[in-house]
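Biologist: Before we go into details, I would like each label to be set against its definition. Could we take the terms one by one?

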Amino acid sequence: MDKRGFRNLWNGRSRMWTFGLCLAGVLVLGSIVAVDRSQRSDDSEPETEYEQTAFLESEMTPEELASVNDTVTDLTEEETLADAEVSAAGEAVSEAAPEEQEAASVQEPVQTEEEQAEEAANLQEQAAETQTEAAQESENPEASQEASSSQVISEQALLDQGIAFDESASLLWPAAGSILIDYSMDGSVYFDTLNQYKYNPALIISSETGNKVLASARGIVESVGMDEETGTTLVLNIGNGYKLTYGQLKDVAAAQGEVVEAGDLLGYVSEPTKYYSEEGSNLYFEMTHEDEAVDPVLYFEE
């Protein structure tokens, strides 16, 4: 390429750059002018509701402005009338409430003389039944004793009464008779009535109905109640965790919480329960230490 061709090329490119720069300048100036006009229009618009109202009023004719004012006045009067109606309705409800309450109280059913007499008779009948039950309990103390629950006796209460059985102490034989079924917790023994072998935590002492049952040691009667298997049953707490249980009793002579001495009468041998019908009348005699069955034979006097 010669110098002339190079110069023509350079002049052509210079013209293009110059045209491009001019076009960019025009676009920038146009953008600036558009932004400035937009800001001026925003500044000229009313900002607050009051300014907007004033602006609208300035644009409206006097006839249009008067029509708008009349419409606003009508709406205000309608709202005032609606508030007055609501208030009047509330007052009417509050005035009617006492009248409705009074009417409700008047409508309450009133008992007739016959109904009152019937109610009084029912009350008298209930009182008579209560007195009858109390009389039956006083005539049959065993019935009331059946419902008595075990009484928890503290060791301190036992010590205060001088009740403290130990391994060196001995027991009195509780009733006339001989051992029918021996204590057996190491192996099972046969029970005729049940027709089965089972462990036996007590002595089954064969004894005639009506024989006396005596306290085998000094103690406090912890409970007297009814058991399905052993009938009327008495528990005697003799201290240091030892207890004696007497079953198949009747006419119990010691009350719950009573302190008895060794040899005192506790009751009498009763007819056997259905669990011992084949064995015949007997005394169920069980000894426990800390609620574990022990062999009473080991503690009887020789």
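Biologist: Why is K198 called partly exposed?

Modeller: The relative accessibility of K198 is 23%, and a residue is buried under 20% relative accessible area, exposed over 50% and partly exposed in between (1.4 Å probe, protein chains only). K198 therefore counts as partly exposed. The model is a predicted one, in which local features need pLDDT of at least 70 and side-chain atom pairs count only at pLDDT 80 or more, whereas totals for chains, interfaces and linings use all residues. Residues are numbered from 1 along each chain as its sequence is written, and side-chain values use heavy atoms, with hydrogens and water left out.

Biologist: What makes K198 and E229 a salt bridge?

Modeller: The term requires a side-chain nitrogen of Lys or Arg within 4 Å of a carboxyl oxygen of Asp or Glu, and the N to O distance between the side chains of K198 and E229 is 3.4 Å, so the pair qualifies as a salt bridge. This pair links distant parts of the chain, with K198 in strand β3 and E229 in the loop between β6 and β7 (231-239), 31 residues apart. E229, at 26% relative accessibility, counts as partly exposed. (Strands are DSSP runs of E with at least two residues, helices are runs of H or I with at least four, and both are numbered from the N terminus.)

Biologist: How many salt bridges does a search of the whole structure find?

Modeller: The search finds four. One of them joins the side chains of E261 and R218, at 2.7 Å from N to O; this pair also links distant parts of the chain, since E261 lies in the loop between β9 (259-260) and β10, and R218 in the loop between β5 (212-214) and β6, 43 residues apart. E261 is partly exposed at a relative accessible area of 37%, and R218 counts as partly exposed at 28%. Another salt bridge is formed by K243 with E222, whose closest N and O atoms are 2.9 Å apart. K243 lies in strand β8 and E222 in strand β6, so this pair ties together parts that are 21 residues apart in sequence.

Biologist: Why is Y276 called buried, and where does Y276 lie?

Modeller: With a relative accessible area of 2%, Y276 is buried; Y276 belongs to the loop between β10 (265-269) and β11. Not counting residues up to four places away in sequence, Y276 touches F191, T193, I204, E229, Q248, N282 and Y284, where contact means heavy atoms within 4.5 Å. Y276 and T193 are 83 residues apart in sequence, yet their C-alpha atoms are 5.8 Å apart in space.

Biologist: What makes the phi of Q248 worth a remark?

Modeller: Most residues other than glycine have a negative phi. Q248 is not a glycine, but has a positive phi of about 65°. Q248 lies in strand β8 (residues 242-250) and, at a relative accessible area of 1%, is buried. N195 also has a positive phi, near 55°, in a residue other than glycine; its place is in the loop between β2 (184-191) and β3, and its relative accessible area of 55% makes N195 exposed.

Biologist: Which residues lie nearest the centre of the largest pocket?

Modeller: Among the 15 lining residues, D227, E229, T230, Y284 and E286 lie nearest its centre. The elements that give two or more residues to the lining are β3 (196-200), β6 (219-227) and β11 (282-289).

Biologist: How do you know that F19 is exposed?

Modeller: F19 has 60% relative accessibility and therefore counts as exposed. F19 is placed in helix α1 (residues 3-44).

Biologist: What does the chain as a whole contain in secondary structure, and what share of it is buried?

Modeller: The chain has six helices and 12 strands, and buried residues make up 23% of its 302 residues. Of the contacts with a separation of 6 or more, 66% are between residues 24 or more positions apart.

Terms used: 1 Å grid on protein atoms, 1.4 Å probe; cavity = no way out; pocket = protein on both sides within 12 Å on 5 of 7 lines; lining within 4 Å.
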